[in-house]
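Visitor: I would like to go through the helix packing in this model. Please set each label against its cut-off.

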Amino acid sequence: MITARGSGVLGVCLLLPGCAWLLGTATLAAPAVGGLVTLGAAALLVRAAARNGVSARLDRASVTRGEAATLTADRPAVPAWIPLVYELLPGQGTPAEHRRAASAGGGERLVVRLPTEHHGVLVLGPSALRVRDPLGLFHRESRAGAAQTLRVLPRTLPVPGPGAGRTRSTQVTGRPLAHRDGPEFHTLREYRPGDDVRRIHWPSSARTSALVVRQDTAVEEPTRYVWLDTRAVCYPDRAAFEEAVDTAASLAADAARRGLALRLWTSEGAVLSAPPGPSGSARSLEFLTEVAPTGAVPGQGRPSPPAAAYGGTAGGRSRGPYRVAAQGLLTVVTGESAAGHPLPAPITGGCAVVALHLGSAAPRAEASGDGPVPGAAPVRHRHARDAEQALLLWAAAARAPGRRA
């Protein structure tokens, strides 16, 4: 296909003979002939090179979000002395942010580096090879392989475990949240004979004129329960949603490593039950890879399709209030913009709830507040900028003796 520059050169070459005839001189004919010969040679070389098909291939079938993914192809079998320029294009079926990637290719291979800022299943291609002459007069595209699938997995970060608090802490609104093993403060109750006097809460006792003691919670976690909010309206931007998915993936992988079963829900009704061990970790990553934000994504103005159910039953597009069959500890992973939107509540009593809000300007902890429905367990709200801070805050809020999370 002739380019705009090639069309200009062709127009000049056709105009020069007319000017030479009007002026009565043959001097202008020589440049016209030279230009036409150059155009013909460029067209033939580009066409011949484009017909030597190449096959593009991904360097791997799956990558972790943020890791480099590359699409490579061998250069066409054209003599090196022919000065042609090659570009490998991911293709029209590829998402917009990946279609912009192209490679001019040096050496014997053409390499396209693909951004992996978002998790998900990406269909790349069909890829195309674009060939053009060095003067930019002609270019031609040919198919360079069928469509390929790249799975971008969520990141998994280490979750602080026993003893982590002896050396690390995170700052939240003027006071440190230490990571130490032990129970979480829950409430105050009246002193009973036999209670440890060291548990007496003297400031409250002075205000009430009666002895009150601290009552702590100790949550056992034979199964880890995680509820992931996929409503785009609950997140300030897509980056916050990606950090939320990374948080859920990290908790799922940590559960598999610690020998815990996993029960994971999304706000769209998708359910996953994963066993402990490597197989459970792989299943949870596969499940979360296919989770996408639903509703209008902030900054895009275009709705995303709801996530499909995997490994369980799906209730379609859930409207809330959400009730989940969790026992012991329920972790809710949502966004900083979730205020005013329903969050899940355990069906049974005696369940602690920790809500992690991603996308906050600064990490902070809120005191336990009322549950999403009357009579539900109090919710410990923790606000974090990213997944790493969210996991630190979660470890401080969900400590338990014996089997610690």
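Guide: Start with handedness: α5 passes α7 in a right-handed crossing. This is a predicted model, where local features need pLDDT of at least 70, side-chain atom pairs count only at pLDDT 80 or more, and totals for chains, interfaces and linings use all residues. Residues are numbered from 1 along each chain as its sequence is written, and side-chain values use heavy atoms, without hydrogens or water.

Visitor: Which residues of α5 and α7 make the contact?

Guide: E243, D246, T247, S250 and L251 of α5, with A387, A390, L391 and W394 of α7. Contact means heavy atoms within 4.5 Å.

Visitor: Why is α5 called oblique to α7?

Guide: The axes of α5 (residues 238–257) and α7 (residues 387–397) cross at roughly 45 degrees. Under 35 degrees counts as roughly parallel, over 145 as roughly antiparallel, 65 to 115 as roughly perpendicular, and the rest as oblique. Therefore α5 is oblique to α7.

Visitor: Why are α5 and α6 called roughly antiparallel?

Guide: The axes of α5 and α6 (residues 278–289) come within 8 Å and cross at roughly 165 degrees. That value falls in the antiparallel class, so α5 and α6 are roughly antiparallel to each other. The crossing of α5 and α6 is right-handed.

Visitor: Which residues of α5 and α6 meet?

Guide: V245, A248, A249, A252, A253 and A256 in α5 meet G280, S281, S284, L285 and L288 in α6.

Technical notes. Axes are lines fitted to C-alpha atoms, for helices over the stretch in contact, and angles run from 0 to 180 degrees between N-to-C directions. Helices (H or I, at least four residues) and strands (E, at least two) are DSSP runs, numbered from the N terminus. A crossing is left-handed if the near helix is turned anticlockwise from the far one by less than a right angle, and right-handed if clockwise.
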